[in-house]
Amino acid sequence: MVERVEADKISKETSTKVWNIHVFCRRERLSHEEEKRLTSLFGDFAEASELLHNVKRAPRWRY
């Protein structure tokens with residue numbers, strides 16, 4: 001089913017999740033060096049997508 005949406009009724013505001021880098025690194029179990037690298041890159045806060053795309057993780061090998 002197709003529904004027509006008027007352009008003036010669309011909300012132009014989008015919500016983005018902003019993380020404290022220290023909390024994000026603790027939650028994702030990242031090293032202190034990685035936390036320092038991300039902090040120097042973004043400051044104390046960054047969007048979730050920025051953090052997820054810029055984090056470097058060691059590979060998890062499955063044997």
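This text walks through the structure from the overall fold to single residues.

The model is predicted: local features need pLDDT of at least 70, side-chain atom pairs count only at pLDDT 80 or more, and totals for chains, interfaces and linings use all residues. Residues are numbered from 1 along each chain as its sequence is written, and side-chain values use heavy atoms, with hydrogens and water left out.

Start with the fold. The protein chain has three helices and two strands. Along the sequence their order is β-α-α-β-α. Helices (H or I, at least four residues) and strands (E, at least two) are DSSP runs, numbered from the N terminus.

Next, the overall dimensions. The radius of gyration of the protein chain is 18 Å, while a compact globule of 63 residues would have one near 11 Å. That radius is taken over C-alpha atoms, and the globule rule is 2.2 Å times the number of residues to the power 0.38. A box of roughly 50 × 35 × 15 Å, taken along the principal axes, holds the C-alpha atoms of the protein chain. Tryptophan 61 and aspartate 8 are 53 residues apart in sequence, and their C-alpha atoms lie 51 Å apart in space. Tryptophan 61 sits in the segment after helix 3 (48-54). Its relative accessible area is 65%, so tryptophan 61 is exposed.

Now the surface. Buried means under 20% relative accessible area, exposed over 50%, and partly exposed in between (1.4 Å probe, protein chains only). By that rule, buried residues make up 19% of the 63 residues in the protein chain. The accessible surface of the protein chain comes to about 6,100 Å², and 51% of this belongs to carbon and sulfur atoms. Accessible areas come from the Shrake-Rupley method with a 1.4 Å probe; for residues, only the protein chains shown count as cover.

Contacts come next. A contact means heavy atoms within 4.5 Å. Of the contacts in the protein chain with a separation of 6 or more, 47% are between residues 24 or more positions apart. Isoleucine 21 counts as buried because its relative accessible area is 1%. Beyond its neighbours within four places in sequence, isoleucine 21 is in contact with residues including Glu35, Leu38, Phe42, Phe45 and Leu51. The C-alpha atoms of isoleucine 21 and leucine 51 are separated by 8.1 Å, although the two are 30 residues apart along the chain.

Neighbours within four places aside, glutamate 35 is in contact with Ile21, His22 and Cys25.

Arginine 37 pairs with glutamate 34, with the closest N and O atoms 2.9 Å apart. Both are in helix 2, three residues apart, so about one helical turn separates them. Glutamate 34 is buried at 8% relative accessibility, whereas arginine 37 is partly exposed at 25%.

Glutamate 28 forms a salt bridge with arginine 57, the closest N and O atoms being 3.2 Å apart. This pair links distant parts of the chain, 29 residues apart: glutamate 28 is in the loop between helix 1 and helix 2, and arginine 57 is in the segment after helix 3. Glutamate 28 is partly exposed at 26% relative accessibility. Arginine 57 is also partly exposed, at 44%.

Glutamate 6 forms a salt bridge with arginine 4, again with 3.2 Å between the closest N and O atoms. Here glutamate 6 is partly exposed at 35% relative accessibility, and arginine 4 is exposed at 71%.

One backbone detail remains. Arginine 29 lies in the loop between helix 1 and helix 2. Most residues other than glycine have a negative phi. Arginine 29 is not a glycine, yet its phi is positive, at about 55°. With 77% relative accessibility, arginine 29 counts as exposed.

Methods: Salt bridge = Lys/Arg side-chain N within 4 Å of Asp/Glu carboxyl O.
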